[in-house]
Amino acid sequence: MEKAPAAPHPEYDLLRPIEDPGKSFYYIVAVLLVIILYTGYVYIRQLYYGLGVTGMAQPVTWGFYIINFVFFIGISHAGTLISAILRLSKAEWRRPITRMAEVITAIVLAIGGLHPIIDLGRPDRMSHLFFNGRLQSPLLWDITSITAYFTASTIYLYIPMIPDIAILRDRGVRPRWLYEFLSWGWQGTEQQHKVLDRAMNILMVVVIPIAISVHTIISYIFAMTVQPGWHSTIFGPYFVVGAIFSGIAAILVLMIVFRKVFHLERYLKLIHFNYLSVLLLIMSLLWFYFTFSEYLTGFYGHEPNEMRVFWYKFSGDFAPYFWTMVACNFLLPLILLSNRRTRTIPGILVASISVIIGMWLERLIIVVPSLANPRLPYPTGIYIPSHTEWVLFLGGVSVFILGYMLFARFFPVISIWEIQEGRQESAKAVTERITSYMPDPQPPLAKG
């Protein structure tokens, strides 16, 4: 007997990518799988021949892999950290955004975490960290903080998904066994909602310091050396600001793509893009402040080795990358986002892509010039990334796109229950909150 189709849902636009993904989904997945398979072949070739197939050599022993590691981990701050801050501050406009952001964290963190292993050349050497790791080493703490952040972010993504998974289960969406298992018997009772709210409140508080610690510790890997250009006391907050900056840009790009592809204009409105783009503009100004402070203090000290790296970036071989970074991270976002007439969806998309490119260049500018100009009296090193490194970078981006598409194929990228809750309760909650901010009315004056 043929099963009756599920009843229309008031938020069907959010369920359409799951119940009717369309043929284009499978075509794109096939293309991505081909790229990923080729990436796997290139990586196996690197395992066989060693790191000699890359462009890395003495003294530039870190190249694309560590640049991409820092870049991907930075993008991961888009999700859990920003989502937790928006939830804690009770920003009602967050509802269509938070899950899209949280998914970025879970996927990108896994991709970024693999890059140091790729950079090792021999993955079996990872075991040295566990058997011979030293507590004073930032590398050991780096692994610890990334693992903690990945675990907390995955739980933080999953817990608020349970009511939506139950909706899919009740609609009979396939694979039903998956939704049965993941919904944990959710029936939407008052007690279940209380437990859900309590769990999310705890996770929100826990995840913020973990997220900040991840990029701070990554900055320590550089700052705790005496390499010129790395030995800086502001690298911790500088890296965190850069991570949030690139993360917001990544969210905006994904929101614009999903809005266009899945026709989510009813949910992702101009006001959401306006709020996030203003936040992106503020982060651009903050990034410029930290960058200016970092290079000003280096220039003022005028230490010979430091100045060698300084001029290598400002007017040497890396000058085109350095000034492109400044244009992408500061000039272009400032011009496009500070003007109402250009702060439109196309303008925001251009600014966001510009920031993503600029932040990748920033990682390149930090890693390579310092290694190419060591403190020891060696000639300046040369680094030209090889075909292997470019393919592995492309593979990482493809894994991210595939991971996000598969998530959107099986789960709603916008939280259905939070949208419904917002429609029912937000207006009343916001009115009560604003009333509580306002000064109490003047008591009537006593007569006489």
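**Exercise 1. Classify the two partners of the salt bridge between aspartate 124 and arginine 122 by accessibility.**

Solution. 
- Start with arginine 122: its relative accessibility is 44%, so arginine 122 counts as partly exposed.
- Note the source: the model is a predicted one.
- Take aspartate 124 next. At 43% relative accessibility, aspartate 124 is partly exposed too.
- Now the contact. The closest N and O atoms of aspartate 124 and arginine 122 lie 2.8 Å apart.

**Exercise 2. Find where the partners of the salt bridge between arginine 266 and aspartate 13 sit, and decide whether each is buried or partly exposed.**

Solution. 
- Check the distance: 3.3 Å separates the closest N and O atoms of arginine 266 and aspartate 13.
- Arginine 266 is in the loop between α11 and α12, and aspartate 13 is in helix α1. The pair links distant parts of the chain, 253 residues apart.
- Apply the cut-off: buried means under 20% relative accessible area. Aspartate 13 has 16% relative accessibility, so it counts as buried.
- Arginine 266 has a relative accessible area of 44% and is partly exposed.

**Exercise 3. Explain the spacing of arginine 176 and glutamate 180 along their helix.**

Solution. 
- The two form a salt bridge, with closest N and O atoms 3.5 Å apart.
- Both belong to helix α9 (residues 176-183); because they are four residues apart there, about one helical turn separates them.
- Arginine 176 is partly exposed at 38% relative accessibility. Glutamate 180 is partly exposed at 40%.

**Exercise 4. Describe the second largest cavity: its volume, its lining and the helix with the largest share.**

Solution. 
- The volume is about 60 Å³.
- Lining residues include Asp13, Leu14, Phe258, Phe262 and Ile414. Asp13 is also the salt bridge partner of arginine 266.
- Helix α1 (residues 12-19) supplies the largest share of this lining, four residues.
- By class, the lining has 11 nonpolar residues, no polar ones and one charged.

Key:
Residues are numbered from 1 along each chain as its sequence is written. This is a predicted model: local features need pLDDT of at least 70, side-chain atom pairs count only at pLDDT 80 or more; totals for chains, interfaces and linings use all residues. Side-chain values use heavy atoms; hydrogens and water are left out. On a 1 Å grid over the protein atoms alone, a cavity is a set of points where a 1.4 Å probe fits but cannot get out, and a pocket is an open set with protein on both sides within 12 Å along at least five of seven lines; lining residues have an atom within 4 Å of a point. Grid points are joined across faces, edges and corners, and a volume is the space filled by probe spheres set on the points. Helices (H or I, at least four residues) and strands (E, at least two) are DSSP runs, numbered from the N terminus. Ala, Val, Leu, Ile, Met, Phe, Trp, Tyr, Cys and Pro count as nonpolar, Asp, Glu, Lys and Arg as charged, and the others, Gly among them, as polar. A salt bridge is a side-chain nitrogen of Lys or Arg within 4 Å of a carboxyl oxygen of Asp or Glu. Buried means under 20% relative accessible area, exposed over 50%, partly exposed in between (1.4 Å probe, protein chains only).
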